[in-house]
Amino acid sequence: MDFDPVPSPQDRKRKLDEDDDGQPRSSTPRLCPPTILRPDGATKRRRVDQPIRRRRVGRKQPSSSRRFTTRCGPTRIGSDLEDMGITLSAVTTPATGSLLSLHRPYTLEPYNKHPHIVFGPHVPSLYPPINRHSLNDLDLSHVLRNPQLRHDLLFDPGLHFRPASHRKKDDASDKYWDAVIKELSTGCTCLSFDPEGEPVPCICACELTPSSTPLPWIVTFANEGIVTVRTPPRLRNLLDDFLDLLLLVIQPLSRASGMYLNPTSVQTQIEEHAAHAHYIRTVFDPALIEQELLCRIFDPSGIFELIADTLKRHCAPMRDSAISAFVAKGLSSEKGAPANSTDAVLALRMCMDVLELMQLDIANHQLHCLRPYITKSARSYELDIFESEMGPDSALSVTQAWIHESERKLKCADDPIFKAPYFSNILSWELLPRNTQVYVCVLRGLVDLVFCPPTTLPPISNGPPATPLRQPTAPLLPLPGYPETTFLDNSRLQQLTGDALDLVAMHMYLLLFRQLLLSGPPSSRQAEPDLSQLKSLRNEILDLSGSRPGHSILPSHIEGQSELKKSERQQKLQASIVLHVVLRATQLKRNSSSGGLDSCPVDPTLLSVAQNWAEQHLHSRSTLLLMLKDRVRELVFRAVLSLTMPPSVSSTRMTSESLFSHLLAEPSASGLTPLRSHFRLISERTSTLAHYHLNTYLPLYEQKTFLDT
């Protein structure tokens with residue numbers, strides 16, 4: 001008895017065969033073979049189909065230029081999940097989920113084929129955010145080779161390093177530590193993205209890529225349109241960097257310079273620190289700890305307590321609580337039991353944060369001790385840096401034109417330069433020695449740079465310029481149009497320019513307030529406001545503008561969409577300040593200043609007058625604004641001249657209080673009394689800038705060949 005062949009279990013799904021009469025044939029074996037009726041009535045047995053034998057063909061050697069593409073088996077009709085009954089989880093990894101991704105058609109490529117994904121913001125770094133390289137600029141040798149930092153230290157004795165914290169850095173740090181926790185929990189380092197580079201649920205490709213490569217791999221699943229990035233493991237890099245950072249912190253004197261301490265006097269401490277470092281190396285083995293973490297048998301009770309005891313011998317007392325906190329986090333499990341991988345990683349993160357703070361403490365202490373040496377050697381060091389940056393044969397044409405323009409303005413000035421009672425020796429310009437003339441020209445030029453900058457400067461931040469943790473590697477260059485010798489004072493000049501514009505803007509708003517009080521019929525006019533009312537309005541204007549009322553001064557022309565949006569913000573700020581000034585003037589005229597801001601409605605007549613006045617005068621080309629700016633600039637120049645000139649020119653010195661009292665009593669200083677503190681701050685900061693600038697570059701300016709060319 002013959003039977004139909006039974007389908008092999010290795011065969012894939014195939015379509016149902018149909019008989020000659022069009023009826024579908026069952027795939028179940030029949031006991032009787034089917035019969036076919038012949039035209040003559042005879043029957044014929046159906047022929048059994050024989051398997052087709054294919055001739056073997058020799059396998060070709062793969063070409064070296066051929067793309068590395070692997071396809072697992074023939075294309076399957078249907079779904080693996082329908083056949084096997086496996087539910088695909090959100091994250092598929094070798095430890096959890098299905099390995100059916102091996103049956104998907106995929107393409108394996110190196111990481112440089114998709115740099116926008118591998119180096120994008122969604123792929124965590126392979127190294128911890130706090131490591132030896134990131135703290136490299138805190139090293140003493142780097143501090144001494146940083147000209148911008150050394151120059152900033154002259155102006156700010158309390159300058160210190162602080163941890164840089166911003167949202168982008170915090171997000172990158174969180175992604176790195178989440179990736180380390182995932183690696184310890186699942187053993188997977190894969191991330192999946194759509195063709196646009198946006199994250200999608202992960203399709204694990206750990207079994208499809210080489211495991212020993214130190215570089216990322218890209219696996220593209222063509223059917224799903226998903227790209228999976230498999231990065232190298234991060235755990236070993238984390239442990240190695242942690243050990244390097246730990247050894248760096250506990251040996252600060254090994255890199256100390258003889259500039260502020262004698263190495264022989266601290267030889268005992270150096271040897272003690274070296275012994276601590278040797279002991280740490282013997283007990284902290286990154287390879288062994290990596291194996292214990294992967295096998296989930298790591299017991300941190302001993303090593304964390306040892307590290308904490310060592311750090312407390314080297315850190316400031318204020319860091320003890322942070323060290324105890326990271327030990328408590330690492331010992332959350334019972335002593336002697338394997339540690340939770342998440343707790344161990346979080347403990348390492350807390351410890352690295354403490355190590356960063358300790359390194360900052362060390363750098364700040366060294367910076368404080370080095371300040372006398374830096375101040376003493378500033379002149380020679382900055383001249384050497386200037387020659388190396390600009391070149392020994394640099395023409396310095398901008399600096400020469402800047403000094404000549406200052407000299408021209410001083411010769412054409414109507415008032416004498418040295419004016420009583422600020423100077424006892426009153427001399428005309430022609431009778432001054434040449435070196436004194438150059439000295440005064442530089443002072444005049446610096447004040448002009450503050451009040452009339454040669455280029456449009458970017459917006460100024462509210463606080464003073466901070467020295468970043470990571471200094472830029474770009475060459476040091478002056479701002480466009482500025483003298484070449486001011487290349488280290490770019491941030492200070494921008495800050496002073498913003499302060500000067502704020503002073504002039506507040507002067508304008510207080511002038512508007514006085515005019516509103518004197519407007520209207522004689523019966524409603526108000527007397528001159530007292531000093532307390534003007535100071536109160538000054539503080540309210542500063543609060544409304546975020547301490548930058550100069551941002552409300554509109555530019556004279558607008559170019560481009562970005563400038564248009566900036567002008568809209570300035571108009572809104574200006575309108576809010578003008579409305580507040582009108583409200584205060586209305587309150588004072590109606591004798592309701594004791595009430596709240598909502599107790600007195602705004603006078604529409606005063607509001608219309610104030611808006612027309614602001615439209616006419618509160619812009620950068622206003623005649624009134626330019627006149628007030630020139631008056632303030634002349635007063636600041638006289639203050640800087642009195643504060644900076646050497647005693648050989650001024651035989652009688654005035655105290656700062658008496659100096660500013662005399663200056664604000666002049667007719668040109670009318671209305672500046674409520675702004676005395678701001679006026680004094682700008683004058684003193686400009687004087688300090690001029691003092692250090694002339695201390696370095698005055699010998700260069702006094703050369704006969706420099707100004708005669």
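Modeller: Happy to! Glutamine 570 counts as buried, because its relative accessibility is 11%; buried means under 20% relative accessible area, exposed over 50%, and partly exposed in between, with a 1.4 Å probe and protein chains only. This is a predicted model, in which local features need pLDDT of at least 70 and side-chain atom pairs count only at pLDDT 80 or more, while totals for chains, interfaces and linings use all residues. Residues are numbered from 1 along each chain as its sequence is written, and side-chain values use heavy atoms, leaving out hydrogens and water.

Glutamine 570 belongs to helix α17, residues 560-589. Helices (H or I, at least four residues) and strands (E, at least two) are DSSP runs, numbered from the N terminus. Setting aside neighbours within four places in sequence, glutamine 570 has contacts (heavy atoms within 4.5 Å) with His551, Ser552, Ile553, Leu554 and Pro555.

Valine 582 is in helix α17 as well. With a relative accessibility of 0%, valine 582 counts as buried. Beyond four places in sequence, it touches Leu516, Val602, Asp603, Leu606, Leu607 and Ala610. Valine 582 and valine 602 are 20 residues apart along the chain, and 6.9 Å separates their C-alpha atoms.

Now for the wider picture. A nonpolar core is a set of buried Ala, Val, Leu, Ile, Met, Phe, Trp, Tyr and Cys residues joined through side-chain atoms within 4.5 Å. The largest one has 90 residues, and Val440, Leu443 and Leu641 have the most contacts inside it. Helix α15 (residues 490-517) gives the most to this core, 14 residues. Apart from it lies another core of 55 residues, including Val143 and Leu293. Leucine 641 touches Ile417, Phe418, Phe423, Val440 and Leu443, not counting residues up to four places away.

Helix α14 (residues 434-451) is mostly covered, with 16 of its 18 residues buried. At 1.5 Å a residue, α14 should span 26 Å, and its end C-alpha atoms are 26 Å apart, which agrees; the expected span is 1.5 Å times one less than the number of residues.

The chain has a mean pLDDT of 78, with 74% of its residues at 70 or more. Over residues 592-596, pLDDT stays under 50, as it does over residues 57-102. Where pLDDT is low, the predicted coordinates should not be read in detail.

Note on methods
pLDDT is the predictor's confidence in each residue, from 0 to 100.
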